[in-house]
Amino acid sequence: MAVTKLFGAKIKRREDPRLVRGQATYTDDLVLPGMVYAQIVRSPHAHARITRLDVDAARRHPGVVAVFTGRDLAGKLNPIPTAWLIPGSDLKTPPHPALAVDTVRYAGDGVAVVVAEDRYTARDAAALVRAEYAPLPAVVDQVKAVAPGAPQLHADVPKNIAFTWNVKGGDTDAAFADAARDGIVIAQRFVNQRLIPNALETRGVVARYQSGSGELTVWYTTQNPHIARFLMSVVTGIPEHKIRVIAPEVGGGFGSKIPFYADEAIVAFCARETGRPVKWSEDRRENYLATIHGRDHVTDFEIAARKDGTVTGVRGKTWANLGAYLSTAAPGIPTILHGLILTGCYTIPNISYEVVGVFTNTVPVDAYRGAGRPEATYLIERMMDLLAARLGLDPADLRRKNFIPADKFPYVTAEALQYDSGNYGPALDQALKLIEYTRLRDVQKQGPKDNRYLGIGLSTYVEICGLGPSAVAGAVGFQGGLWESATVRMHPTGKATVFTGTSPHGQGEETTFAQIVADELGLPLDDIEVVHGDTGAIAMGWGTYGSRSTVVGGAAIVLAARRVKEKATKIAAHMLEAAEGDIVFDHGRFAVRGAPDKAKTIQEVTLQAYLAWSLPPGVEPSLEASAFYDPENFTFPFGAHAAAVKVNADTGEVELRRYVAVDDCGRVINPLIVDGQVHGGLVQGIAQALCEGAVYTPEGQLLTGSMADYAVPKANMFPTFVTGHTETPSPHNPLGVKGVGETGTIASTPAIVNAVMDALKPFGITHLDMPLTPERIWTAIHGTTRR
Ligand code: MCN
């Protein structure tokens, strides 16, 4: 039966019905016989010496199975490692004990764990742990943390500096000297505020240790089960082949479930020590306190240009807040994933940029959707608008003038990345058309209505994604590979199971990966199952982050499917008594060239592959194939976003009137899912511009410690998003795809800030830091602080 082409089809996500009907299994749904519950006791102080830790009352509490402190863990659990050792940066990796022993370094640092028969008893008993502290001075601001006299977090880390990293290309000093003489130089400090990732589900772990076999099984909310297994082995000392990590429904992650946390190791430890399966689930407050945060950069940034608007160089310095300890990928986020993309989609030949990674008394900072690239895009895109305003140029014209021309790809940037393909002009043209740019500018010229000022903002971006190849990962210090594995297994009845080393947790690959295989093998979509997130079922994989799953994992799948087809072709030729070269495959049918009626379906061929009654010489029984794909390069999606806002000068409120996102992620597998990914990303990126921000007191208390205090966006803030696409395939990817999971977050923040700043031009305001709350805007307009 002919199957229509599914690559490119708008198919609804197959995973959604079970998710929205409550038929899916999350970690917290698991109940194992004899299971007990863990509660971690966390420090209320941001920085303090532990002077006394008395757990006797907690131990005596009825229903308590065990209580452990940092001292109980010492020698039994290794420190929590970081996995990104960026070279040439003098990286300091101070020990991160799973539970603090002498000193706590952020409010939320674990000091003890209570294991009890049920979670309520565990909580009650945790309250009985008597911890006494001698508070130490704390520092939460990364610029203050490097100043002389600042409180020191770690003994061997002078000035709290974890690393200093540089990227240089061209002759930046000469470019700035020229511009100072005969062009224009603009300098601006930008604060990219700290954000709290809000996945639908918080983190959770169930660990079971079977002492007879020495096997540890861990179900948990991870984006990368194989990395988690590796690090679990490193920290617990349990051999890797005795550990199985399963990611049931994860409930989203946005980067926050990449890291290997102390909590996971603690729960595994408790399971091993007590001999009982142990469950631990965070509530939202604990999630805010103890799950990584994102962003948090302070940057002094400069741009040099000729008077005609040709940008000749950028330079700057960023202080990146890392929190109290180095989280798993933390050193790579503000450096490799940030500093290498600062020149964006422009031909800027000169760059000089320094990043200082700083420890502070805050929860560790790691990857949050976009991870380093939103911060970079924000810098260059805000600068392009500042430059346009100073030169009196239209921001769209300035961008177009500096775009890397379409005939220059592959293009090597000043940061030495090679962009694979791009065609930036058409994406901008489309965005301008969709938002009716010319008309809006005319309306703007007519002035404000009812004291509401129209602003139009643009953001043209390029991003690094599809993380891989492994050789580059090694060169930049990532302690892992970035290839991907896939197995396509046909079953005797002609159905297929696809195993992927990526680990989707909201992105929809159970649908898109099935679409790839359906087309390759001519199978109905319903006959294909995609399995992920289980180290017991999948040989190896590097997980889902950096918008890599489709580019790297999808490529592995298509290669495995093609191998299945090759073997099936041999068997079909044998069955049809034809030469292999005479077999033509089309929509699941192997036919003899010139004799279309002489044919076998893939289902018939598969059955014979398993029966093995008569296979061609040298062909083994069964029908399955694996592939391991290591990409040649990253992929570089790009696009143009445009926003129209109205700023109410009486209240400072921003109303988002229109938002247009034109993204190019190469060939699109499923336009519906791609639009969904863009929509979600936009909401997160716009929220950073307008409302979100984690606030610590100078003493290190998280003021935005709940959803009532942290301004997560609400649906009524957003108009219906308008999406558009251009399609510039990646030349080195077998599917021609580029990633899309982060584009919305990367592009939207500067588009919104540019729009608001455009609206505020009549007031002479050129820059405000995010979030652009009504108070901040009102204060800037009225020049006073409200009391
Ligand atoms: N896709 C497509 N055609 C393309 C590119 C992608 O149809 N040319 C589809 C994919 O097959 C997949 C989706 O779009 O269904 C996203 O794919 P991809 O860009 O490969 O990104 P990943 O699957 O690797 O997801 C990672 C990315 C990141 S880094 C974060 S953070 C993020 C995100 O995706 N976190 C998410 N999207 C999220 N969506 C949800 N619901 N929850 C999260 O936690």
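**Around the ligand**

In this predicted model, R369 puts a polar side-chain atom 3.2 Å from a nitrogen atom of the ligand. Here's the rest of that spot, and then a pocket to explore.

*Contacts and cover*
- C665 has a backbone N or O atom 3.1 Å from a nitrogen atom of the ligand.
- R667 also brings in its backbone, with an N or O atom 2.8 Å from a nitrogen atom of the ligand.
- On its own, the ligand has 840 Å² of accessible area, and the protein covers 95% of that.

*Who's in the shell*
- The top contributor is α19, with three residues.
- There are 32 residues around the ligand, and the ones that come nearest are Q507, E509, T512, Q677 and V740.
- Sorted by class, the shell has 17 polar, nine nonpolar and six charged residues.

*The second largest pocket*
- Now for the second largest pocket, which has a volume of about 640 Å³.
- It's lined by 30 residues, and D141, D296, A694, V695 and Y696 are the closest to its centre.
- At least two lining residues come from each of α5 (142–145), β8 (183–195) and β13 (294–306).
- β8 gives the most to this lining, with three residues.
- By class, the lining of this pocket has 14 nonpolar residues, plus eight polar and eight charged ones.

Methods
Residues are numbered from 1 along each chain as its sequence is written. This is a predicted model: local features need pLDDT of at least 70, side-chain atom pairs count only at pLDDT 80 or more; totals for chains, interfaces and linings use all residues. Side-chain values use heavy atoms; hydrogens and water are left out. A residue is near a molecule or strand if one of its heavy atoms lies within 4 Å of it. A polar contact is a pair of N or O atoms within 3.5 Å; within protein, one must be able to donate a hydrogen and the other to accept it, and residues adjacent in sequence count only if both atoms are side-chain atoms. Accessible areas come from the Shrake-Rupley method with a 1.4 Å probe; for residues, only the protein chains shown count as cover. Helices (H or I, at least four residues) and strands (E, at least two) are DSSP runs, numbered from the N terminus. Ala, Val, Leu, Ile, Met, Phe, Trp, Tyr, Cys and Pro count as nonpolar, Asp, Glu, Lys and Arg as charged, and the others, Gly among them, as polar. On a 1 Å grid over the protein atoms alone, a cavity is a set of points where a 1.4 Å probe fits but cannot get out, and a pocket is an open set with protein on both sides within 12 Å along at least five of seven lines; lining residues have an atom within 4 Å of a point. Grid points are joined across faces, edges and corners, and a volume is the space filled by probe spheres set on the points.
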